[in-house]
Amino acid sequence: FKQVAEFVQTWEEGKKAPPDVLAQTYALFKQATTGDAPAEAPEEESKKAKYEAWLANKGMTKEKAMSEYIKLIEEKKKEFGFGGA
């Protein structure tokens with residue numbers, strides 16, 4: 001999980017992933033590391049998509065979120081043509 005999370009940091013820097021995919025990865029990462037999203041949504045418009053994606057994972061265990069996160073990243077690496085990491 002940690003290795004995949006580190007890969008995503010470089011992925012985001014390259015801005016090669018579309019915003020919806022970045023929101024999904026953020027949501028699963030936050031669910032895996034923090035648990036359920038807080039009840040109050042952020043006021044900043046730019047953060048709302050990521051918050052909504054995280055909120056959609058409510059009740060998912062941290063272990064399941066880690067597994068789903070890894071699965072999503074591996075799928076997207078193939079889709080976007082990223083090499084091994």
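# Side-chain contacts and helix packing

At 7% relative accessibility, lysine 77 counts as buried. This lysine takes part in a salt bridge with glutamate 74, with 3.5 Å between N and O. The model is a predicted one. A search of the whole structure gives 4 salt bridges, and the structure also holds 4 aromatic pairs.

- Lysine 77 and glutamate 74 lie 3 residues apart in helix H4, which spans residues 62-80, so about one helical turn separates them.
- Glutamate 74 is partly exposed, at 29% relative accessible area, whereas lysine 77 is buried.
- Lysine 77 is classed as buried because its 7% relative accessibility falls under the 20% cut-off.

- Lysine 48 and glutamate 45 meet through their side chains in a salt bridge, at 3.7 Å from N to O.
- Both residues belong to helix H3 (residues 45-55), where a spacing of 3 residues puts about one helical turn between them.
- Glutamate 45 is exposed, with a relative accessible area of 61%, while lysine 48 is partly exposed at 30%.

**Salt bridge between glutamate 44 and lysine 47**

- The closest N and O atoms of glutamate 44 and lysine 47 are 3.4 Å apart, and the two residues form a salt bridge.
- Glutamate 44 is partly exposed, with a relative accessible area of 44%.
- Lysine 47 is partly exposed as well, with a value of 43%.

**Aromatic pairs**

- A pair of rings is described by the distance of the centres and the angle of the planes.
- Among the 4 aromatic pairs in the structure is the one between phenylalanine 1 and phenylalanine 29, which is stacked, with 5.9 Å centre to centre and 10° between the planes.
- This pair links distant parts of the chain, 28 residues apart: phenylalanine 1 is in the segment before helix H1 (2-14), and phenylalanine 29 is in helix H2 (residues 19-33).
- Phenylalanine 1 counts as partly exposed at 25% relative accessibility, and phenylalanine 29 counts as partly exposed at 32%.
- The rings of tyrosine 26 and tryptophan 54 have centres 6.2 Å apart and planes at 90°, so this pair is edge-to-face.
- Tyrosine 26 in helix H2 and tryptophan 54 in helix H3 are 28 residues apart, and their pair links distant parts of the chain.
- Tryptophan 54 counts as buried at 6% relative accessibility, whereas tyrosine 26 is partly exposed, with a relative accessible area of 28%.
- Phe1, Phe29 and Tyr69 are linked into a cluster by ring pairs.

**Charge over a ring**

- The charged end of lysine 50 sits over the ring of tyrosine 26, at 5.2 Å from the ring centre.
- Tyrosine 26 therefore has a ring that takes part in the edge-to-face pair with tryptophan 54 and also lies under the charged end of lysine 50.

**Packing of H2 and H4**

- Two packed helices are described by the angle between their axes and the distance between the axes.
- H2 and H4 pack at an angle of about 155°, and their axes are 8 Å apart.
- The angle makes H2 roughly antiparallel to H4, because it is over the cut-off of 145 degrees.
- The crossing of H2 and H4 is left-handed.

Conventions. Residues numbered from 1 in each chain as written. Predicted model: local features only at pLDDT ≥ 70, side-chain atom pairs only at ≥ 80, totals over all residues. Heavy atoms only, no water. Buried < 20%, exposed > 50% of the residue type's maximum accessible area, 1.4 Å probe, protein only. Helix = DSSP H or I, 4+ residues; strand = E, 2+ residues; numbered from the N terminus. Phe/Tyr/Trp six-rings, centres within 6.5 Å; stacked < 30°, edge-to-face > 60°. Lys NZ or Arg CZ within 6 Å of the ring centre and 35° of its normal. Axes fitted to C-alpha atoms, helices over the stretch in contact; angles between N-to-C directions. Parallel < 35°, antiparallel > 145°, perpendicular 65-115°, else oblique. Left-handed = near helix turned anticlockwise from the far one by under 90°.
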